[in-house]
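Biologist: I've got the chain open and I'd like to go through its side chains with you. Can you back up each label as we go?

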Amino acid sequence: MSSTSVVSSPKRDARSLHGWLLTSTCWLGSTGAVLIAPVLPFMQRDFSSVKYVELLTLVILVVPGLMIALFSPLVGTLVDRFGKKRFYLLAILLYAAFGILPFWLTNLYAILASRVVIGLAEAAIATIATALVANYFNGVERQKWLTMQQASASVVAVVMFSLGGVLGGLPAGWRTPFLVYGFAIVFLPLIAVFIWEPEGDDRALTARAPKLPFPWRLIGHICVTIIFASIMFFVVPVQISFLLAARGVSTPALIGAGSAIANAGIPIGGFLFHRFSKWSINRLLTLSFCLFTVGFCVIASLPEANAAVVGAFIAGVGGGMALPLLGTWLVARLPFEQSGRGTGGYVGAFFLGNFLSPFVVAAIGHVSGGLFSAIGWLAVLCGVATAVTLALTLSRRGPTESVRSVEVRAIGH
């Protein structure tokens, strides 16, 4: 992620229009994955003759997240040197062009290759949009739009789950949702007209700024916690379609509707995070991990499809609380000069968890006897995390300050 250590005020004034445009392009990364999640079981069925099809289809879903985790820092370096707007336009074009390709592709490995390009485009879009928010806005306005990117993406993702399921029920089947990627093309004229390149001396000043190492001692343990929470967070978006199919739900529309209900817990968790921001970080983490534990227990122990949806909803609330909490805590521990690296650490840890999540579930399921058994063991892991954070809370150790005070300090930075 591009560092925003040194920022000069742009000559033009950014307004809500610019904030929403930058925010809405960030939706492309999160909604693109959930759009095809409801149809993955049907993709697996059509490519059942391909060796390791179960693993490959999961990789197709999450490999863009790995590209974001790996290449966001490189993208940040490139755009700092060569300019943001031209890369922004190119990334949107690549996203639209390669996003729709799987509608026509008949080779599973070719689909996987197109998803790798999608991930590179998403890395550029997320990095540039976040950097432009930092360039265009200051103080409270900057914090508002950075927060809005994550909060609004969760709401849009819920809609995309339903849309993906409905489109998957059309005659073209699982291929139809990929056509939605093409609609990203509408952002090109909007970016061309309303987005401007930040002042040229910003890049010169950034180049002359002291090169600071990544602050592992300050935030390394938080990054590890984010990876753990992200692995648990993505269990619901990635696995819900397979969980419902295993419980007898056979149509894409119903899977999409069930997935949307389950993932509605994510924005609710985000709301609760802000509602209880006076609580200590330890206390909120304990609640988040407890919700993961309860949700996964319900999924693993009850045989009905409705129970899977309820359990996934509860776990989604836990994830919706945990990730913004950890992100706020991470940024607040750093001086402003390292805020860009801190944001990059959060993005990298979050999307690394996105990529690892299905492999963790598959590995545990292979050893323990299946998907639902794996979810049960994840409940055990989250229960251990709950016990650890509860012990820290009761002993008044660890992060005992309130998240509201952390947010205020983050804005001050």
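**Charges and rings**

Modeller: Let's start with Arg 247, whose charged end sits over the ring of Phe 372, 3.6 Å from its centre. This is a predicted model, where local features need pLDDT of at least 70 and side-chain atom pairs count only at pLDDT 80 or more, while totals for chains, interfaces and linings use all residues. Residues are numbered from 1 along each chain as its sequence is written, and side-chain values use heavy atoms, leaving out hydrogens and water.

Biologist: What makes Arg 275 count as lying over the face of Phe 276?

Modeller: The rule asks for NZ of Lys or CZ of Arg within 6 Å of the ring centre and within 35 degrees of the ring normal. Arg 275 is at 5.6 Å from the ring centre of Phe 276, and it lies over the face.

Biologist: Why is the contact between Arg 45 and Asp 46 called a salt bridge?

Modeller: A salt bridge needs a side-chain nitrogen of Lys or Arg within 4 Å of a carboxyl oxygen of Asp or Glu. The closest N and O atoms of Arg 45 and Asp 46 are 3.6 Å apart, so the pair qualifies. A search of the whole structure finds one salt bridge.

Biologist: How do you know whether Arg 45 is buried or exposed?

Modeller: Buried means under 20% relative accessible area, exposed over 50%, and partly exposed in between (1.4 Å probe, protein chains only). Arg 45 has 54%, so it counts as exposed. Asp 46 has 46%, so that one is partly exposed.

Biologist: Why is the pair of Tyr 95 and Tyr 181 called tilted?

Modeller: Rings of Phe, Tyr and Trp (its six-membered ring) pair if their centres lie within 6.5 Å; planes under 30 degrees apart are stacked, over 60 edge-to-face, and the rest tilted. The count by this rule comes to 14 aromatic pairs. Tyr 95 and Tyr 181 are 5.1 Å centre to centre with 45° between the planes, so tilted is the label. The two tyrosines are 86 residues apart in the chain. Both are buried: Tyr 95 has a relative accessible area of 3%, and Tyr 181 has 2%.

Biologist: And what makes Phe 350 and Phe 351 edge-to-face?

Modeller: Their planes are at 85° and their ring centres 5.1 Å apart, so the pair is edge-to-face. Phe 350 and Phe 351 are buried too.

Biologist: Which residues do ring pairs link into a cluster?

Modeller: Phe 47, Tyr 95, Trp 174, Phe 178 and Tyr 181.

Note on methods
Helix = DSSP H or I, 4+ residues; strand = E, 2+ residues; numbered from the N terminus.
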